[in-house]
Amino acid sequence: MRWLRILLAPSLLALLLAGPSFAVAPTLSQAEEARAVAIGSQLRCLVCQNESVEQSSATLAANIRHIIRQQVAAGWTNRQIMHWMTARYGDFIRLDPPFNRLTLLLWVMPVLAPAVGLGIALGASRRRPGPPPPLSDAEKRRLASLLE
Amino acid sequence: MERVGILRRPLLLMPLGAAVVGGIGFVELLMRAEEGRYNPHTVPNLMVGHAVPPFSVGAAPPGTGFSTADLQHLAKPVLVNFFASWCVPCHAEAPLLMQLKAEGVPIWGIDYADTEPALGRFLAADGNPFARLGGDPKGEAAIAWGISGVPESFLIDRSGIIRWHLGDPLSPAIVSAQLIPLVRKYG
Amino acid sequence: MIPELGNFALALACCIAATQAVLLLLGAQGREVRLMAMAPGLAFGQLIAIGASFAALAWSNAVSDFSVRNVAEFSQSQAPLFYKVTGTWGNHDGSILLWCLVLAICGAAVGAFGSNLPASLRARVIGVLGAVAAGFLLFALTASNPFTRIWPPPMQGQGMNPLLQDPALAIHPPILYLGYVGFSVPFAFAIAALLEGRIDAAWGRWVRPWALTSWCFLTAGIALGSWWAYYDLGWGGFWFWDPVENSSLLPWLTGTALIHSAIVVEKRESLKTWTVLLAIVTFSLSLSGTFLTRSGILNSVHAFAVAPTRGLFILALLGLVMVPSLLLFALRAPVLAPAGLFAVLSREGAIVLNNILLCSIAAVVFTGTLYPPFAALLAGEQLSVGAPFFNSTVLPLAVPLVLAMSIGPALSWKRAELFPAFLRLWWAALAAAAVGIVAALGWHGLAALGFAGAAWLILGALADIAQRIRLFRIRFSESFARLAGLPLGAIGAAVAHAGLGVTIAGIAGMTLASQRVVFLHPGQSTDFAGYRWTLQSLDRVPGPDFVSRVASLEASRNGRTVAVLHPADRKFPVQGTAVTDTAIRTNLLVDLYSALGNVRNGGAEVRLRYDPLAPWIWLGAVVMALGGGLSLADRRLRVGAPARRGARVPV
């Protein structure tokens, strides 16, 4: 199941901060539970600031976790579940912002910033004359004779 | 050397430019916050203009519950109100709902994350404005409708399309300015 | 009486600060020796005045003088004395006063320890600090005066936020502020240098200890906040990329870049423009952090409620600091011509790369934090930018940074070759790769990356020291002699880099954490992480201003009790809120973590966590701060150049 492996990386990243789920829900297999946790870690708890529904102890977050598990047990794909949630709450509920024209600058920044930095650094170094090249053998001999 | 010098001056002015632009943006945000047009904590609800979502709420005595199908072909526009007995603004809202009921607006209530005894006490204390009533203990209907707290209210037109949403308690001002005109429009 | 004296002292401090700014800056401009000599005196005077004002507020809190509105709103008489005093800075008005106090401490420190600086530079630095202080003191006096009285005084205060009644959170603001506000000194140095029109190697040497000190405090402050979140919030998280957390990380990132590029200014008289800009930007980020937190524009758990008028005032202060300084920068920076040269492949080049990567990470975090409000402003769209975004964008930038961190110190100054660096580090690289492979096989890729990175940093630091003392190349006794004679700056750098490795190992360990939530009645047990957990009892315990439910949880292995934990839950009747107290048992390698959830029907929901290497996250930060401290003790930083006199020669 390729989607499981694709989800593994971000879901494990999310596990850095993931908390428990007080799920009172349909019993799921381990893989299904992992998928539910991964999806929940991408959704914002709407009533507490800046936590995912997996981490939050709010009732509303518990409700959303419950629904996610129901949908996972019913075989919904991740895309379907995300679409269902954003149809109701908008992109606001996604902790990972979508990639569209509006968020272009946001997603491009990790590449843009170092590129700009390197550009400035290279431009500055080109402005300055470089360090003198090392001496050739003839020059070294001349230096030695001068120093005697 | 001159070519690079020309490039250098704008580059040095960029931090200042960014700070000024940012500052103007922040002033605008603060102004809007003052007027109430900007609140980073409000949760959007995108259901207005869409059909009532698939849901069903079970019986919550004295209510018998209802579901999507019941909201499809209505004689009059219906106000769907999410509330809970433990919610203080819901108690404050209750007299207004009784008044709307007296004026002939059908109100269907969904009791969110609550228990039957507590609901009974709430209705006994503040009266029962609900034509139909259902219970949503696990919040499944609440999330299906996209609410983020209680009380929240929705106006459904006769063909089952959500026409209006309020994420806050009802107030006389909102009722007369927003709700009643829409009830007449879709009535 | 005391609050009135406090108010008077506040006004006095404001006047002294304004005098400081005007007299000293004009004096330095006109080279008036007698005016410039007033610098330390004025700085000390300001400190005494604001110190007295702060003491007055602390006193009012300690004796619970409810006629002072600030005390009535945020304190109560039953709170323990320690928390009453630390609650002085637990609200907006008090924390602004703390900010002003730390700013005055910085000015006085420059006055006391800056005798090696040339008179004009010292006068300008203290003058700029005075100007910033005057702005903040004016703000404190007019818009957020903590000494406003109410009459008649209420019988009881409205209560202290129970979250604040915690030792770590109580000292978190002062330490954090010493970091934030401490960066005002490098900022003042930068402005002074721009006003004077020159920067030389000596400037680099003078500015570095101030930047380092602030950096150490900021590191400790951020780590303290993270540690508090871990043990207090109850579910084991320690960093959430919350906007307010990000605004403390931003000055830390640029501050780290600053302390490194100041080294290049000192060694090569190069990177001057960049270092000056970093100094200005770091302090500006500290100030914007204050603005963003207190204005309520950001959606954050730490944010105060939306207060547009207060926000506008702070924004004005921020503008008054940033706009003139950035304008001065744009106009004067071309005057700061570089003198030294270095090849792209050299230790200086590695520092440039480190700067670029750190500032790129800062740019990403900055953009992500400010995107939601600006998207709402410009496009009317409501977005969230949360942890998944930051994790996936910062990690790719952090990896090359970690790689470069061990290679950089192995390169020589001015012009380096890769082969000698390779000779020095090959064994560390091999060991790190081995660690990575073992971890990947045993656990998963992310942890493997983290452990490999940590090993690379720690072993690379050891390799650096080994190279300097020529370990295994000369006799051990000579190596030890060299070790004793090594400059503290070199040891400090290695220790600090290793400290980051320890933190990364801790974070990698946390990706392997496991947890379980169970509902237990007293007497019931569950098995988790190789231990048998038994809920022995559930008791009700009253406290000075709270009622708590305490659980007694025993962890045993093979019948032998390993630990007894007491997670609790405290309810504060005055404020109507509750706070969870987790119980953690650590052996510094693994944390056994327990928290109490819902209590009903005689039983309780218990959350258990097994967190490998969690303590290393904060121990690593302590090691980093220690490394910074060691560097500060380096004798070379205390030897200053003699004061310059005579005509200014454009460099």
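**Cysteines, strands, a patch and salt bridges**

Me: Is the link of B:Cys87 and B:Cys90 right-handed or left-handed?
Reply: The link of B:Cys87 and B:Cys90 is right-handed, with 85° about the S-S bond, and please keep in mind that this is a predicted model. The two residues form a disulfide in which the sulfur atoms are 2.2 Å apart.

Me: How many disulfides does a search of the whole structure find?
Reply: Searching over all chains gives one disulfide, and B:Cys87 and B:Cys90 are a pair that forms such a bond.

Me: And are those two cysteines buried or exposed?
Reply: B:Cys87 counts as buried because its relative accessibility is 4%, and B:Cys90 is buried as well, with a relative accessible area of 2%.

Me: Switching to sheets: in what order do the five strands of the open sheet in chain B stand?
Reply: The order is 5-4-3-6-7, and the pairing in this open sheet of chain B is mixed. Strand 5 (132-136) and strand 7 (162-166) of chain B are at the edges, where each has a single partner strand, so one side of each has no neighbour in the sheet. On average, neighbouring strands of this sheet are turned by 20° against each other, with direction ignored.

Me: How do strand 3 and strand 6 of chain B run, and how many bridges join them?
Reply: Strand 3 (residues 78-83) and strand 6 (residues 152-156) of chain B run antiparallel and are joined by five bridges.

Me: Over in chain C, how many of the five residues of strand 6 are buried?
Reply: Four of the five residues of strand 6 (residues 568-572) of chain C are buried, so the strand is mostly covered if one takes buried to mean under 20% relative accessible area. It pairs with strand 4 (residues 547-557) of chain C over four bridges in the antiparallel sense, and with strand 7 (residues 577-581) of chain C through five bridges, also antiparallel.

Me: Which residues stand opposite C:Ala568?
Reply: C:Val550 stands opposite C:Ala568, and C:Asp581 in strand 7 of chain C stands opposite C:Ala568 too.

Me: What about the nonpolar surface patch, which element gives the largest share?
Reply: Helix 5 of chain A gives the largest share, with six residues. The patch is about 780 Å² and includes A:Leu104, A:Leu112, A:Ile120, B:Leu11 and B:Met14. Within helix 5 of chain A sits A:Leu112, which counts as partly exposed at 35% relative accessibility.

Me: How many helices and strands are in chain A?
Reply: Chain A has six helices and zero strands, and 44% of its 148 residues count as buried.

Me: Last topic: how many salt bridges does the structure hold over all chains?
Reply: The structure holds 20 salt bridges over all chains. Among them, B:Arg163 pairs with B:Asp157, the closest N and O atoms being 2.9 Å apart; B:Arg163 is partly exposed at 32% relative accessibility, whereas B:Asp157 is buried at 5%.

Me: Where in chain C do C:Glu266 and C:Arg205 lie?
Reply: C:Glu266 forms a salt bridge with C:Arg205, with the closest N and O atoms 2.9 Å apart. C:Glu266 lies in helix 11 (residues 243-268) of chain C and C:Arg205 in helix 10 (residues 201-232) of chain C, so the pair ties together parts that are 61 residues apart in sequence.

Me: And how far apart in helix 17 of chain C are C:Arg468 and C:Asp464?
Reply: They are four residues apart in helix 17 (residues 445-468) of chain C, so about one helical turn separates C:Arg468 from C:Asp464. In this salt bridge the closest N and O atoms are 3.7 Å apart; C:Arg468 is partly exposed, with a relative accessible area of 28%, and C:Asp464 counts as buried at 7% relative accessibility.

Definitions and conventions
Residues are numbered from 1 along each chain as its sequence is written. Chains are lettered from A and ligands numbered from 1 in the order in which they are written. This is a predicted model: local features need pLDDT of at least 70, side-chain atom pairs count only at pLDDT 80 or more; totals for chains, interfaces and linings use all residues. Side-chain values use heavy atoms; hydrogens and water are left out. A disulfide is a pair of cysteine sulfur atoms within 2.5 Å. Buried means under 20% relative accessible area, exposed over 50%, partly exposed in between (1.4 Å probe, protein chains only). Two strands pair if DSSP finds at least two bridges between them. Helices (H or I, at least four residues) and strands (E, at least two) are DSSP runs, numbered from the N terminus. Axes are lines fitted to C-alpha atoms, for helices over the stretch in contact, and angles run from 0 to 180 degrees between N-to-C directions. Patches are made of residues with over 30% relative accessible area and no salt bridge: like charges are joined within 9 Å, nonpolar side chains (Val, Leu, Ile, Met, Phe, Trp, Tyr) within 5 Å. Accessible areas come from the Shrake-Rupley method with a 1.4 Å probe; for residues, only the protein chains shown count as cover. A salt bridge is a side-chain nitrogen of Lys or Arg within 4 Å of a carboxyl oxygen of Asp or Glu.
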